[in-house]
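Please walk through this model with attention to its pocket lining, its helices and its aromatic rings.

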Amino acid sequence: KGYALSFGAEKLEAAPPAVVVIVDADCRLSDGGLETLARAAIAEDRPIQGDYLLEAPPSDDPKSMISALALLVKNRVRSEGLRRMGLPAHLAGSGMAFPWHVYRCAPATESWLVEDLLMGLELAMLGHPPLYLPEVRVTSELPTGEKAALGQRKRWEHGMLATARSHAPKLLTMGILRGKIGLVALGLDLLVPPLALLVLLIGATWAIAFLFALLTTRYAPLSVVTTSMMLVGMGVFAAWVAYGRKTIPLKKLVFVPFYVAWKIPLYVGLALKGRQKSWERTERK
């Protein structure tokens, strides 16, 4: 996709537009969304990211529903929190608008797995931090089929983790040295792992702390990790209550452990073989 974006930019050079809007071909925009994105990009003179969500396909598959909830937490809940604190957001790939002069500053993302995330971070460091615009809804569906779904998650999460490793230190250092709280916020948000990986890491840490408590009768580490686990659970439940009740019925939340287990091979492959390096298109019907 990164190569396609570069190709499109080169073709527009002959007659540059005021604004470039990027929408994936499988997406739908809310009424008036295209014009609203373009006007906001002009008014704010910075990248704009609409409210981009992937919905579960029309089936009763709990994995798809929980995956949709995880994306809702990432793309809407966390973005809305950053916006309310007056902080920039990450670009999410579709429903993005750029003033032309800003778009031409964006680096060539080529085969980078999460070209949208990289583009937003690089532009933020150049002085053009993206702004989340919840008024514009951009929706698509998660892919059907086990292979396609896992392949998409693999590309997203391998790319996100690689980007966190390469860019979080830059953002934090630059933000602190320049006194730019927005860059610090983007760096800290980037360090939060995907929801399933976060739950998996906390669960593994809890098991180690529990064993340590049994062997030493020292319970402080176990108390800290238990508190962390409770806070994550409360945060996800609060996000579900406020935003996700239409996405997933309450009874489906009991499948969260199975969703985490479904993704274990993805993380094992990352640990043993390294990250995926080439961008692969997700197969869709």
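**Pocket, helices and rings**

The lining of the second largest pocket comprises 15 nonpolar residues, one polar and no charged; Ala, Val, Leu, Ile, Met, Phe, Trp, Tyr, Cys and Pro count as nonpolar, Asp, Glu, Lys and Arg as charged, and the others, Gly among them, as polar. This is a predicted model, in which local features need pLDDT of at least 70 and side-chain atom pairs count only at pLDDT 80 or more, while totals for chains, interfaces and linings use all residues. Residues are numbered from 1 along each chain as its sequence is written, and side-chain values use heavy atoms, with hydrogens and water left out.

A pocket here is an open set of points on a 1 Å grid over the protein atoms alone, where a 1.4 Å probe fits, with protein on both sides within 12 Å along at least five of seven lines; lining residues have an atom within 4 Å of a point. The second largest pocket holds about 290 Å³ of space. Of its 16 lining residues, Val 199, Val 232, Gly 233, Val 236 and Val 256 lie nearest the centre. Helix 3, helix 8, helix 9 and helix 10 (256-262) each supply at least two lining residues, and helix 9 gives the largest share, five residues. Helices are DSSP runs (H or I, at least four residues), numbered from the N terminus.

Helix 3 (residues 62-84) has 23 residues and spans 31 Å from first to last C-alpha, close to the expected 33 Å, a figure that takes 1.5 Å times one less than the number of residues. A kink of about 35° is centred on Val 73 in helix 3, the bend being the angle between axes fitted to the seven residues ending at a residue and the seven starting there. After helix 3 comes Gly 86, with a positive phi near 75°.

The whole structure contains five aromatic pairs; rings of Phe, Tyr and Trp (its six-membered ring) pair if their centres lie within 6.5 Å, and planes under 30 degrees apart count as stacked, over 60 as edge-to-face and the rest as tilted. The rings of Trp 206 and Phe 210 are stacked because their centres are 5.2 Å apart and their planes at 10°. Both residues lie in helix 8 (residues 195-216), four residues apart, about one turn of the helix. Phe 237 and Trp 240 also have stacked rings, with centres 5.7 Å apart and planes at 25°. These two lie in helix 9 (residues 220-244), three residues apart. Phe 237 is partly exposed at 42% relative accessibility, whereas Trp 240 is buried at 8%; buried means under 20% relative accessible area, exposed over 50%, and partly exposed in between (1.4 Å probe, protein chains only).

Terms used. Points joined across faces, edges and corners; volume = space filled by probe spheres on them.
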